[in-house]
Amino acid sequence: MIRRLFYLSLGALITLWVMRRLQALHPNHVARRTADGAAGMLRQVRDFTSEALGEAAERESELRARFGLDDAG
């Protein structure tokens, strides 16, 4: 009796796990995860670009000050 109850509960657990995995593969879920991932990657690229441009501008101003190029217009 205990063995039957164990296998019944094990089967129910496996069924729930498989159903959740199948629902995660639903096209709406996949599309949403892909869109969220793309938005996150775009945000990282924007952050990197703004940091790189800021550091480049800072370095340019340092070099202009060092070589006296500020008033060469």
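These are my notes from a look through this predicted model.

**Overall fold.** I started with the secondary structure of the protein chain and got two helices and zero strands. Next I checked how spread out the chain is: its radius of gyration is 29 Å, well over the 11 Å from the globule rule for 73 residues, so I put it down as more spread out than a compact globule. I also took the span of the C-alpha trace along the principal axes, and that comes to about 90 × 25 × 5 Å.

**Surface.** How many of the 73 residues count as buried? I get 1%. The accessible surface of the chain is about 7,100 Å², and carbon and sulfur atoms account for 63% of that.

**Helix 1.** I went to residues 2-24, which make up helix 1 with its 23 residues. From first C-alpha to last, helix 1 reaches 33 Å, close to the 33 Å expected at 1.5 Å a residue. Then I looked at cover: zero of the 23 residues are buried, so helix 1 lies largely in the open.

**Aromatics.** My search for aromatic pairs turned up one. The partners are F6 and Y7, with ring centres 5.2 Å apart and planes at 70°; the cut-off for edge-to-face is over 60 degrees, so I logged the pair as edge-to-face. Is F6 buried, exposed or partly exposed? Its relative accessibility is 47%, and I have F6 down as partly exposed, because exposed would need over 50%.

**Charges.** Last, I counted 11 positive and 9 negative side chains on the protein chain. The centres of these two sets lie 28 Å apart.

Conventions: Residues numbered from 1 in each chain as written. Predicted model: local features only at pLDDT ≥ 70, side-chain atom pairs only at ≥ 80, totals over all residues. Heavy atoms only, no water. Helix = DSSP H or I, 4+ residues; strand = E, 2+ residues; numbered from the N terminus. Expected span 1.5 Å × (residues − 1). Buried < 20%, exposed > 50% of the residue type's maximum accessible area, 1.4 Å probe, protein only. Rg over C-alpha atoms; globule rule 2.2 N^0.38 Å. Areas by Shrake-Rupley, 256 points an atom, 1.4 Å probe, with all protein chains shown as cover. Lys, Arg positive; Asp, Glu negative; His and termini not counted. Charge placed at Lys NZ, Arg CZ, Asp CG, Glu CD. Phe/Tyr/Trp six-rings, centres within 6.5 Å; stacked < 30°, edge-to-face > 60°.
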